[in-house]
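Have the sequence and the 3D view handy as you read.

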Amino acid sequence: MWDADLYNRFEKERMQPSSDLAARIEIKNCRRALDVGCGSGMSTLCLKRRFPNAEILGADFSQEMLSKARALLPDAQFVLRDCSKPLSDLGKFDVVFSNAFLQWLENQDEFVVHTKELLNEGGVLAMQIPLFAEMEIAKIIEHSARKFSSELGEKNLFDGMCVAKNFSAENYYEIFSKNFSRVEMWQTNYFHQMRSSDEIVDFVRGTALLPYLERLDEAQSAEFLRMLKTETAAHYKPCANGTVLFPFCRVFFLAQNSAK
């Protein structure tokens with residue numbers, strides 16, 4: 001289950017990609033905008049700031065996250081939905097926005113097709129995808145999971161587990177370009193400044209680590225996190241001023257079919 005308070009602990013770091021993505025959307029007279037996988041509403045807030053006069057709708061599958069979102073943006077509308085399923089009943093939109101959601105889905109190509117159908121003529125699909133699988137912390141999590149399950153004598157404990165279902169940036173481009181006539185893409189490596197390497201574990205504990213921790217009891221979770229923090233500290237070393245840099249790579253897309 002998503003922990004909204006833990007997720008929001010790193011509000012600045014999580015919000016910046018949404019702000020950067022929203023700032024690049026160039027569309028006149030946006031009347032309706034949808035935030036798919038809106039979470040606690042931080043990304044929706046960026047969308048509202050970009051299009052203050054538009055009707056804003058956010059959708060997410062976590063009631064806890066939606067409660068936070070409604071408190072943050074009482075003038076927006078939020079609905080409880082499994083966003084991996086078609087959302088055509090929500091109507092048409094000038095902008096469909098999605099921040100750090102696509103990587104959780106099995107059939108990402110199908111999601112892009114369904115999302116395209118939500119757009120009005122000339123509408124824009126704006127999407128940010130963390131390239132988490134390519135990051136060092138993802139490798140550390142996988143290594144620690146194998147080591148932990150081996151020590152427990154349960155080699156199948158984390159079978160089928162994957163921290164993210166990432167394609168390469170080039171493969172993502174293929175998905176978007178076969179569905180849209182205009183595609184803009186860019187990649188940013190954010191350097192989050194952490195007070196310690198333990199904060200890196202806390203950062204991913206609110207997202208990528210959740211599927212692992214859900215398979216463990218309380219004592220096992222504590223031990224797994226201790227092991228993970230040790231492994232993380234061995235890789236992410238502090239700078240001279242004590243700050244630990246946490247590079248986080250994200251790829252961005254703006255996709256649009258030219259208006260006729």
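Asp 94 is buried, because its relative accessible area is 6%, below the 20% cut-off. Keep in mind that this is a predicted model.

So who does Asp 94 pair with? Its salt-bridge partner is Arg 31, and the closest N and O atoms sit 3.2 Å apart. Asp 94 belongs to strand 4 (residues 93–99), while Arg 31 is in the loop between helix 2 and strand 1, so this pair ties together parts that are 63 residues apart in sequence.

## Arg 32 and Glu 55

Move along to Arg 32, and you'll find a salt bridge to Glu 55, with 3.3 Å between the closest N and O atoms. Here, too, distant parts of the chain get linked: Arg 32 is in strand 1 and Glu 55 in strand 2 (residues 55–60), 23 residues apart.

## Arg 24 and Glu 184

Next up is Arg 24, which forms a salt bridge with Glu 184; their closest N and O atoms are 2.6 Å apart. Arg 24 lies in the loop between helix 2 (11–23) and strand 1 (32–36), and Glu 184 lies in strand 6 (residues 182–194), so parts 160 residues apart in sequence are tied together by this pair.

Both partners are partly exposed: Arg 24 has a relative accessibility of 34%, and Glu 184 has a relative accessible area of 33%.

Conventions: Residues numbered from 1 in each chain as written. Predicted model: local features only at pLDDT ≥ 70, side-chain atom pairs only at ≥ 80, totals over all residues. Heavy atoms only, no water. Salt bridge = Lys/Arg side-chain N within 4 Å of Asp/Glu carboxyl O. Helix = DSSP H or I, 4+ residues; strand = E, 2+ residues; numbered from the N terminus. Buried < 20%, exposed > 50% of the residue type's maximum accessible area, 1.4 Å probe, protein only.
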